[in-house]
Amino acid sequence: MIQFTANPMQIVKGDSSTLSWNVEEADTVDITPGIGRVNASGSRPVTPDDTTVYTLTATNRFGATTLQTTVTVVPRVVINSFTVKPTLISKPGEPVTFTWDVDNAVSVFIDNGVGPRPAKGSLTNAGPLVTTTYTLTAIGRGSTANAQV
């Protein structure tokens, strides 16, 4: 019997996954890439830079058996910029222009009535009636980022 898993199977770049295995009746157990010879049962954290297929090879006098598990690496959401101009308005409701640039997001939202937006863009909108902080929330596949103006 051989068990070989990765948990979680998908990580954000820079995060870790744990490989776990349990092998019976093997003389040697090896995991590639980058791990090498291991005990018949155990676990090991991995932090691959890119999606990686790990292969466990269990060998005994009858031959070798292999199992594979994949750790998928997805990019982290990055807010490159989020600005509003002007930052001070002379009268309530005076137009302001929001500009933003986000990488690796599947959803971008600006609160306080601005709403869902594309990953990159600008929007001129009626300014606030009172001093207001706006928050941009970017959601990616496994990570979230926020910025305020």
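**Close-up views of a predicted model**

**View 1. An open sheet of three strands has the order 1-3-6 and antiparallel pairing.** Strands are DSSP runs (E, at least two residues) numbered from the N terminus, and two of them pair if DSSP finds at least two bridges between them. Strand 1 (2–7) and strand 6 (41–46) are the edges of this sheet; each has a single partner strand, so one side of each lacks a neighbour in the sheet. On average, neighbouring strands here are turned by 10 degrees against each other, direction ignored; the axes behind this angle are lines fitted to C-alpha atoms, and angles run from 0 to 180 degrees between N-to-C directions. Six bridges join strand 1 and strand 3 (residues 17–23) in the antiparallel sense, and Ile2 has Val23 of strand 3 as its bridge partner. The model is predicted: local features need pLDDT of at least 70, side-chain atom pairs count only at pLDDT 80 or more, and totals for chains, interfaces and linings use all residues. Residues are numbered from 1 along each chain as its sequence is written, and side-chain values use heavy atoms, with hydrogens and water left out.

**View 2. An open sheet of three strands with antiparallel pairing has the order 9-10-13.** Its edges are strand 9 (78–85) and strand 13 (120–125), each with a single partner strand, so one side of each is left without a neighbour in the sheet. Neighbouring strands of this sheet are turned by 10 degrees against each other on average, direction ignored. Strand 9 and strand 10 (residues 96–103) pair in the antiparallel sense over seven bridges. Within strand 10, Val102 is the bridge partner of Ile79.

**View 3. Phe82, Phe98 and Tyr134 form one aromatic cluster.** A search of the whole structure finds two aromatic pairs; rings of Phe, Tyr and Trp (its six-membered ring) pair if their centres lie within 6.5 Å, and planes under 30 degrees apart count as stacked, over 60 as edge-to-face and the rest as tilted. The ring centres of Phe82 and Phe98 are 6.4 Å apart and their planes stand at 15 degrees, so this pair is stacked. Phe82 lies in strand 9 and Phe98 in strand 10, so the pair ties together parts that are 16 residues apart in sequence. Both Phe82 and Phe98 are buried, that is, under 20% relative accessible area with a 1.4 Å probe, protein chains only. The rings of Phe98 and Tyr134 have centres 4.8 Å apart and planes at 70 degrees, so they are edge-to-face. This pair links distant parts of the chain, 36 residues apart: Phe98 is in strand 10, and Tyr134 is in the loop between strand 13 and strand 14 (135–139). Tyr134 is buried, as is Phe98.

**View 4. Strand 14 pairs with strand 11 and with strand 15.** Strand 11 (residues 107–110) and strand 14 run antiparallel over four bridges, with Val108 opposite Ala138. Five bridges join strand 14 to strand 15 (residues 144–148), also antiparallel, and Thr135 stands opposite Gln148 in strand 15. Strand 14 and strand 15 form a hairpin with four residues between them, and Gly142 in the turn has a positive phi of about 110 degrees.

Note on methods. Buried < 20%, exposed > 50% of the residue type's maximum accessible area, 1.4 Å probe, protein only.
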